[in-house]
Amino acid sequence: AQNKEFVCRGHDYERLEAFQQRMLNEFPHAIAMQHANQPDETIFQAEAQYLQIYAVTPIPENQEVLQRDGIPDNIKSFYKVNHIWRFRYDRPFHKGTKDKENEFKSLWVERTTLILVQSLPGISRWFEVEKREVVEMSPLENAIEVLENKNQQLRTLISQCQTRQMQNINPLTMCLNGVIDAAVNGGVARYQE
């Protein structure tokens, strides 16, 4: 289908590279585009066949189930990837002068949300994108979201340890070390700035 966008559910545990190869085998004359940026008009008008493949993140509809305490993780895991209408992908970029000491200060995110004609999974493994929305997230919004996601990850790991779902506490220990003694890119001090 020319100039159309689809979200496709890959096979279980299928790596993106394997999925890309499978699609290129199905469309042997297609030219693979190596980026997730929106193609320019020359690509849309071209006689050649182009294929742009990139990973997207599901946006669960049922946030209440995911945030409520006491709901087993396997049920939460189901709702994170099923009955999904909306998917997103982010493109980080720098606006203004890049601070060499703290690159987070100028790091914006262009967030694209794709809304499907029908939820996945369905009778098909792929559905067409009906609508796309693009917003820009400021460095502050971006930093807040990173912290919220890390807090959620810690809550999940703590819950798994408390309910003895995790025999080994190493994942929690590693995550805590990464938060308390963060050394990458200058650590927490860069966010405080």
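Predicted model: local features only at pLDDT ≥ 70, side-chain atom pairs only at ≥ 80, totals over all residues.
Student: How far apart do the C-alpha centres of domain 1 and domain 2 lie?
Tutor: The chain is split into domain 1 (4-136) and domain 2 (139-192), with bounds from an automatic or database domain assignment. Their C-alpha centres lie 24 Å apart.

Student: And how much area do domain 1 and domain 2 bury between them?
Tutor: Start with contacts, meaning heavy atoms within 4.5 Å: 12 residues of domain 1 touch 11 residues of domain 2. Buried area is the accessible area (1.4 Å probe) that two parts lose on being put together, summed over both. Of that area, 43% is on carbon and sulfur atoms, and the total is about 1000 Å².

Student: Which residues are linked with Arg111 in a network of salt bridges?
Tutor: A salt bridge here is a side-chain nitrogen of Lys or Arg within 4 Å of a carboxyl oxygen of Asp or Glu. Arg111 pairs with Glu145 at 2.5 Å, N to O, and the count between the two domains is 1 salt bridge. The network joins Arg111 to Arg88, Asp90 and Glu145.

Student: Arg86 and Glu61 also meet in a salt bridge; how many residues apart in sequence are the parts that this pair ties together?
Tutor: Their N to O distance is 3.5 Å. Arg86 lies in strand 5, whereas Glu61 is in the loop between strand 4 (57-59) and helix 3 (63-67), so the parts tied together are separated in sequence by 25 residues. Strands (E, at least two residues) and helices (H or I, at least four) are DSSP runs, numbered from the N terminus. So the value you want is 25 residues.

Student: Is Ser106 buried or exposed?
Tutor: Ser106 sits in the loop between strand 5 (84-94) and strand 6 (107-120). Not counting residues up to four places away in sequence, Ser106 touches several residues, including Phe93, His94 and Pro139. Buried means under 20% relative accessible area, exposed over 50%, and partly exposed in between (1.4 Å probe, protein chains only). Ser106 has 4% relative accessibility, so the call is buried.

Notes: Residues numbered from 1 in each chain as written. Heavy atoms only, no water.
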